[in-house]
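Welcome! Take a moment to look over the sequence and the model, and then we can walk through them together.

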Amino acid sequence: MNEKVTLLSVTTSQYLSEQIAEAYGHELGQFRVARFSDGEMQPIIEESVRGEYVFIIGSTFQPSDNLMEMLLTIDAARRASAGYVCAVIPYFGYARQDRKDRPRVPISAKLIANLLEAAGVDRLMTLDFHADQIQGFFDIPVDHLQSQAIFIPYFKEQDMSNVIFASPDMGGVKRARAYAKYFERDMVICDKYRKRANEISGMTLIGDVRGADVILVDDLVDTAGTLCRAADLIMEKGALSVRAIATHPMLSGNAYENINNSQLTELIVSDTIPLKQNSPKIKVLGSADLFATAIRNTHDNASISALFVN
């Protein structure tokens, strides 16, 4: 295609955007964010993007400035006559609020979808939505990349003969089953009950883990309460070891302390959100190659599904 590609980065995702740009073989576009004295921001694209494919890269984790900067940058690109604008959002914030599960609460994921479309985005690219159905909140194409493309190559280099995969809750069964199917291993489920957010009231294990090396599979880790509780339960039921996969390392509150003091031997995450501190138990795998390939395929009108691990 003749259209030029411009890669732009939201401020707090600069570390990942630079890696994606390097993997793509293209420098990041000239871009800065000016701020008024009260903190109000003004993204400025400092080069022409007229008629170009513009990919704006940035996870929308807290603070909410990340989301606002993404929206304003989309608007800036659209008003600068960009030919096509794609929001590359490795971690899509507010995805846990995907339904009205009690009276008088918002469906925040749907609102974010509306805001992105109102800003003028033509396409969304993301990694591991908290719930697959969020794709249906959009009336534009959504490339929902899967983290199996990042984690499976890591595990293929290891002995998986004694492994059982586990879901830390009922909502994650599909994710855990994908790994179990790929490696032809068994799967168990931890069934948890919450009275309120980030507080587990009880948990039971469905399945047998005696003598197995267990790998928990989740899409994100926040306080790490669920993963650590699940690891304790699995070890109590006779497992030899417990590791965990979590695509998005939010790691808030006492998460690092919880992980370091837990029975988890390893937590493997991607780099969609930067770590706040190091931990000997946390291993970070890069997502830049996956996103760079997806961006190239989008520009070339090539298949995105070819990137999925089946």
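Which residue takes a positive phi just after α3? That residue is G120, with a phi of about 110 degrees. Keep in mind as you explore that this is a predicted model.

Let's step back into the helix itself. Helix α3 runs over residues 108–119, twelve residues in all. From its first C-alpha to its last, α3 reaches 16 Å, close to the 16 Å expected at 1.5 Å a residue. Several of its residues are buried: S108, A109, I112, A113, L116 and A119. These residues sit on the same side of α3, because they cover an arc of only 145 degrees around the axis. An α-helix has 3.6 residues a turn, so residues three or four places apart point the same way. And what do the buried residues of α3 pack against? Their partners are α2 (65–79) and β5 (84–89).

Now for the wider setting. The UniProt record, an unreviewed entry, places the feature "domain: Ribose-phosphate pyrophosphokinase N-terminal" at residues 6–120. That span is 33% helix and 22% strand, and its end C-alpha atoms lie 17 Å apart.

Zooming out again, the protein chain is divided into domain 1 (5–145) and domain 2 (148–285). Their C-alpha centres lie 28 Å apart. Where the two meet, 13 residues of domain 1 are in contact with 14 residues of domain 2. Together the domains bury about 1,200 Å² between them, with 54% of it on carbon and sulfur atoms. Y91, R96 and D128 supply 40% of the area that domain 1 buries against domain 2, more than any other three residues.

Definitions and conventions: Residues are numbered from 1 along each chain as its sequence is written. This is a predicted model: local features need pLDDT of at least 70, side-chain atom pairs count only at pLDDT 80 or more; totals for chains, interfaces and linings use all residues. Side-chain values use heavy atoms; hydrogens and water are left out. UniProt positions are given in the numbering used here, feature names are shortened, and annotations may be inferred rather than shown by experiment. Helices (H or I, at least four residues) and strands (E, at least two) are DSSP runs, numbered from the N terminus. The expected span of a helix is 1.5 Å times one less than its number of residues. Buried means under 20% relative accessible area, exposed over 50%, partly exposed in between (1.4 Å probe, protein chains only). The arc is that of the directions from the helix axis to the C-beta atoms. Contact means heavy atoms within 4.5 Å. Domain bounds come from an automatic or database domain assignment. Buried area is the accessible area (1.4 Å probe) that two parts lose on being put together, summed over both.
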